[in-house]
Amino acid sequence: MPPTPSVSPNDRVPVLVCPLCGHTSFTPAGRSAGHPVVCCDTCRLHLLNPQPSEAELMEIYHPTYSFFGAGPGAEACVSRVKQATADHYLDLLARAGVPAGRLLEIGCGDGDFLLRATQRGFQVEGVDYSAHSCKKAQAKLGASARISCGEISMLADRREAYDLCVATDVIEHVRQPATFLRTVFDLLRPQGWVLIVTPNLESLTAKLMGSRWLEYKAEHLYYYTPRTLVRQLVQAGFTDIRILGGKKMLSVDYITRHFVTYPVVGVTAVLRWLRAILPLAWSQRPWLVPAGGIIALARKPGVESPPRA
């Protein structure tokens, strides 16, 4: 496990060792929201180095982070898209033969995925760093779901408790992805599944937009390709790894709000114009689009222990 240097909350965090291959040589590869992006010379994993300070990340993760601020309609817009995307992911899981069971979502946000999962027969739990989001998720799901506020490490005592762990748009945010995946591995029962979704550095949108790629954000600490993500999963002990594409449900309204929050010269203005001329129902309707991500499904090997007498 790569060491984490001891720094104050206001200091940026240097990455001394690649969390994927353990090597220490990096080459500059660009910038993400003003932060240096480097590429590991050995495994080609891209990452911010140094990473933002704890103080910088706390400022980014404000209470309305999950829905583009507190503007009119923002929360409803995000919820529509998140629930439509949840249905898409749940369809992929069903087609892959993943049965309903006990599900933990890491980074559950406001609970939209968990809400749709309960409608598919899953018994759901969630954990999120944001107390604001946890409160909203609990209200949305009711007393039948347990929502925990904090990091995944707080669940470490629940070894082999879950049939499925879901982490969509999470792994790129964590400081220690290898430790994160190993914790997920321990939480799963033998033959349990993990669903990971993260931006794809080799996607068409990344190649077309270059340095203006919408996923270049200060809070995105790592940038995976299918090859590096598979290697990270194998390193954590997972097998039967499948890449299930990279599509998600997005609406013109959602995309516009994203580019208003993270402006790109030219793109933001065009999207604002497009949203203004479209009928409201069209701009708000989610569509399945290639969104520049990686959807990875992997399994924990092993044989389940026989039930206790």
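Where is the place of P50? In this predicted model, P50 sits in the loop that runs between strand 3 (46-48) and helix 1 (54-60). The peptide bond joining N49 and P50 is cis, with omega at about 5°.

Backbone geometry also calls for attention at two residues with positive phi. A33 is not a glycine, yet its phi is positive, at about 50°. A33 belongs to the loop between strand 1 (26-32) and strand 2 (35-40). With a relative accessible area of 55%, A33 is exposed, because exposed means over 50%. D169, also not a glycine, has a positive phi of about 55°. D169 is placed in the loop between strand 7 (162-168) and helix 5 (177-187), and its relative accessibility of 25% makes it partly exposed.

The side chains come next. The structure holds 4 aromatic pairs. One of them joins W213 and Y223, a tilted pair with 6.1 Å centre to centre and 50° between the planes. W213 lies in the loop between helix 6 (204-209) and strand 9 (222-223), while Y223 is in strand 9, so the pair ties together parts that are 10 residues apart in sequence. W213 is buried, at 2% relative accessible area, and Y223 is buried at 2% as well. The ring planes of Y216 and Y223 meet at 65° with centres 5.2 Å apart, so this pair is edge-to-face. W213, Y216 and Y223 together form one aromatic cluster.

Charged groups also sit over rings. The charged end of R285 is over the ring of W287, 4.0 Å from its centre. The charged end of K300 is over the ring of F185, 4.8 Å from the ring centre.

Definitions and conventions: Residues numbered from 1 in each chain as written. Predicted model: local features only at pLDDT ≥ 70, side-chain atom pairs only at ≥ 80, totals over all residues. Heavy atoms only, no water. Helix = DSSP H or I, 4+ residues; strand = E, 2+ residues; numbered from the N terminus. Buried < 20%, exposed > 50% of the residue type's maximum accessible area, 1.4 Å probe, protein only. Phe/Tyr/Trp six-rings, centres within 6.5 Å; stacked < 30°, edge-to-face > 60°. Lys NZ or Arg CZ within 6 Å of the ring centre and 35° of its normal.
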